[in-house]
Amino acid sequence: GGLGDIDPELKARLCRELCGRRKLTSEILPMFTEEGETAVLDLPDCSFLSEGDLSAALKRIMGSNLERVRLGFCGRGMSDGLIEEMCSGSHNLHSLSLGGCYRVTDKGVATAVRLLPSLRVLELSSCERLSGEAVKSIVSLKGSLRSLSLANCSQLGDSE
């Protein structure tokens, strides 16, 4: 079972507390990703979640209500394919924040940008495989993008 009609702020606080204790596991994740009116998915520490775990969670909440996704330490769980799956099923997503996605490449960023032309916030911190090609894709969002962070993306050096 899930957390039902618990206040969304309280649910988010509980999730942050579990993440802070590194206790967000595949067994607990479904409580925070119930089908229905989910507008925000905020998981500060996804380090114990596999791609299958994240895929199942996103499938439960994808749709027109999902507006904001923030996944921290989602390295092993996030891939270019999962980005495509998430973005193609959530056209109202306007804020996407993925931290530590060491499997995500320029192709995944290009796909997100193509599928979410109204994206306003894009944060891709510590995504080690991103290069200048990702930045070229992001430029197409110049009409909608209000906030961009590419902090600690090691391949984006001074020369790019």
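The legends below describe close-up views of a predicted model.

Local features are given at pLDDT of at least 70 and side-chain atom pairs only at pLDDT 80 or more, while totals for chains, interfaces and linings use all residues. Residues are numbered from 1 along each chain as its sequence is written, and side-chain values use heavy atoms, with hydrogens and water left out.

**View 1. The open sheet has five strands.**
The strand order is E1-E2-E3-E4-E5, and the pairing is parallel. Strands (E, at least two residues) and helices (H or I, at least four) are DSSP runs, numbered from the N terminus. Two strands count as paired if DSSP finds at least two bridges between them. E1 and strand E5 (147-149) stand at the edges with a single partner strand each, so one side of each has no neighbour in the sheet. On average, neighbouring strands are turned by 5° against each other, direction ignored. Axes are lines fitted to C-alpha atoms, for helices over the stretch in contact, and angles run from 0 to 180 degrees between N-to-C directions.

**View 2. Strand E3 pairs with E2 and with E4.**
Strand E2 (residues 68-71) is joined to E3 by four bridges in the parallel sense. Val69 stands opposite Leu96 in E3. Strand E3 (residues 95-99) and strand E4 (residues 121-125) run parallel and share five bridges. Gly99 has Ser125 of E4 as its bridge partner. Five of the five residues of E3 are buried, so the strand is largely enclosed by the rest of the structure. Buried means under 20% relative accessible area, exposed over 50%, and partly exposed in between (1.4 Å probe, protein chains only). In a regular strand the side chains alternate between the two faces of the sheet. In E3, Ser95, Ser97 and Gly99 point one way, and Leu96 and Leu98 point the other way.

**View 3. Helix H2 has a buried face.**
Within helix H2 (residues 51-61), the buried residues are Leu54, Ser55, Ala57, Leu58 and Ile61. Seen down the helix axis, these residues fall within an arc of 165°, so they line one face of H2. The arc is that of the directions from the helix axis to the C-beta atoms. Strand E1 (40-43) and H3 are among the elements that cover the buried residues of H2. Gly63 follows H2 and has a positive phi, near 145°.

**View 4. Helices H2 and H3 pack against each other.**
Two packed helices are described by the angle between their axes and the distance between the axes. The axes of H2 and H3 cross at roughly 5° and come within 10 Å. H2 is therefore roughly parallel to H3. Angles under 35 degrees count as roughly parallel, over 145 as roughly antiparallel, 65 to 115 as roughly perpendicular and the rest as oblique. Glu51, Leu54, Ser55, Leu58 and Lys59 of H2 meet Leu82, Glu85 and Met86 of H3. Contact means heavy atoms within 4.5 Å. By class, this contact of H2 with H3 has four nonpolar, one polar and three charged residues. Ala, Val, Leu, Ile, Met, Phe, Trp, Tyr, Cys and Pro count as nonpolar, Asp, Glu, Lys and Arg as charged, and the others, Gly among them, as polar.

**View 5. Helices H3 and H4 pack against each other.**
Helix H3 (residues 80-88) and helix H4 (residues 106-115) have axes 8 Å apart and an angle of about 5° between them. H3 and H4 are therefore roughly parallel. Asp80, Ile83, Glu84, Cys87 and Ser88 of H3 make the contact with Lys107, Gly108, Thr111, Ala112, Arg114 and Leu115 of H4. The contact of H3 with H4 has four nonpolar, three polar and four charged residues.

**View 6. Helix H4 is mostly covered.**
Seven of the ten residues of H4 are buried. These are Asp106, Gly108, Val109, Thr111, Ala112, Val113 and Leu115. The cover over them includes H3, E3, E4 and helix H5 (132-138).

**View 7. Ser126 and Cys127 lie in the loop between E4 and H5.**
Most residues other than glycine have a negative phi, and most peptide bonds are trans. Ser126 has a positive phi, near 55°. The relative accessible area of Ser126 is 28%, which is partly exposed. Cys127 is buried, at 0%. Leaving out residues up to four places away in sequence, Cys127 touches Leu98, Cys101, Asn152 and Cys153. The C-alpha atoms of Cys127 and Ala151 are separated by 8.4 Å, and the two residues are 24 residues apart along the chain.

**View 8. Asn152 lies in the segment after E5.**
Phi of Asn152 is positive, near 60°. Asn152 counts as exposed, with 61% relative accessibility.
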